[in-house]
Amino acid sequence: MIALLSENPILVVFIVATLGYLIGQVRIAGFSLGVAGVLFAGLIVSSLSPDIKLDTSVYEMGLVLFVYTIALASGPHFVAALKGAGIKYNLLVASMLVIAPILVLLISKAFGFKEGVMAGLFAGSLTNTPALAAVLEAVKDRPEMGDPVIGYSLAYPMGVIGMLMVAHILKGVFKVNYQQEAKELHMQVEELVTRAVVVRDNQVRNVRDLLQDNHWNVMFARVKRNGEIQIVYDDLILQKNDVVSVVGAPDDVQETIKALGAPSDEMLEVDRSHFDFRRIFVSSDFAVGKPMSALNLRKQYGAIVTRVRRGDKDIVPTPNTVLELGDRVRVLGERSSLTNVAKFFGDSYKHLSEINLLTFSLGLCLGLLLGIIEFPLPGGSTFKLGFAGGPLIVGLILGALGRTGKMVWTIPYSANLTLRQIGVVLFLAGVGVRSGYKFFNNFNGSESLFIFLTGALVTVLTAALTLTIGYKVLRIPMSILLGVMAGQQTQPAVLAYANEQTQNDAPNLGYASVYPLAMIMKIILAQVLLLL
């Protein structure tokens, strides 16, 4: 069996993935590893023999795919976060990453760990392979400093397990309600409703200003005035006794109706004699990467978009909403114009299963090239962003841009999720197989135990401080904070766990907001530890 695995690395990947799925489904006291089970399956399988290996390209390819697809999807949120709460997230992470190496240094000095082991322990407890690579490069001609891989391999597993344990325990201690947080962050998966309101008074502002000034997260679709049904355009001014259909989440619709007038039992959407609606897939490159106001649907087709479905979530569109490939829009317009509107948006399900190889590959090339650039540090040393940092930063930029001229950088939602899942499985399988044999065989003697316990202490303490200070002092929602912690740890397994627990995209926002800073700081701090 061992010979079979040693000679067939591709078979090893899928055996690890299969076992990882089974391990991830096991629930103990409500806790499960989810996709992180692949990491531990890799540790178990590779512990059988040092000859069971995977080429580093498996791990690197998975890492690149995972961080790049996450970054593409998170780009717009990342830019928005940097203007506000993202500053707070990064200050929290920076503080924690200063505490961690100080703790490692003090304990290592007390137990007499060599400099290389100490720096590897730091990289392992914060699960940062690029930091380990930088340390290995720095000590390659200095064997007297010790082997960083020993510290890394002993600390790495608890670097993942400890984070997951702390997140699970503190969720119960703080009585976190992820569903309520998702609602408050407008990230809940909630079906939109359509209700009618009888307008109480003549309005002086048009619909666009009315929605913006009152911060109503709803859409006005149809209006019945003097017995005639019309489409509500942005420049319409509502009048007394108008009956207006309001689209949005139930609570938002109720709030809007209360402010405008009284609820009506009329169902304007039932009358499809002149105006009709149709759900259309957005598959045309021309329609994505632009704000809705720039599409000129009213001018071209006399139509409006009343809902946008992205993944499992319905979104109320605004003039600033930017469509993505794979969205499904609900268009309201004259029956005769809907066929042309469908051609405008593409409406091709087949096209949504494909990716633009030119822009996708070009984006990855740019990210990988950025990752190999060496940036100078004081003292003559250098650091690189590596396979994770380079694609992440380029992906964030391209995701925020959406498109450059005719080149669309984003990829369909479904394709993004598929590539992301493949990436994280390859990454976790590669890391697990890479570390398993060294971990189980290095764990002997008192020094190994002390290294393991030190790594566990650093991981657990930084995780606990991050979540406690962030949630209780800085009042960051736990859904975002889990992503911040995953980004601080630069650990996709923790992010995958956070996504499974919260069932929304908030962790991705926190992760993308802090990951670049965390990556750069850990690469630098690991090398600073060698100097100390």
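In which sense do strand β1 and strand β4 pair, and over how many bridges? Select residues 193-199 and 243-248: β1 and β4 pair in the antiparallel sense over six bridges. Strands here are DSSP runs (E, at least two residues), as helices are (H or I, at least four), numbered from the N terminus; strands pair if DSSP finds at least two bridges between them. Within this pair, V197 stands opposite V244 in β4.

The model is predicted: local features need pLDDT of at least 70, side-chain atom pairs count only at pLDDT 80 or more, and totals for chains, interfaces and linings use all residues. Residues are numbered from 1 along each chain as its sequence is written, and side-chain values use heavy atoms, without hydrogens or water.

Next, select helix α3 (residues 37-46), where nine of the 10 residues are buried (under 20% relative accessible area, 1.4 Å probe, protein chains only). Among them are F40 and L43.

Finally, select α18 (478-488) and α19 (492-502), which pack at about 170° with axes 8 Å apart. Axes are lines fitted to C-alpha atoms over the stretch in contact, and angles run from 0 to 180 degrees between N-to-C directions. The two helices are therefore roughly antiparallel (angles over 145 degrees). S479, L482, M485 and A486 in α18 meet V494, L495, A498 and T502 in α19, with contact meaning heavy atoms within 4.5 Å.

Conventions: Angles under 35 degrees count as roughly parallel, over 145 as roughly antiparallel, 65 to 115 as roughly perpendicular and the rest as oblique. Buried means under 20% relative accessible area, exposed over 50%, partly exposed in between (1.4 Å probe, protein chains only).
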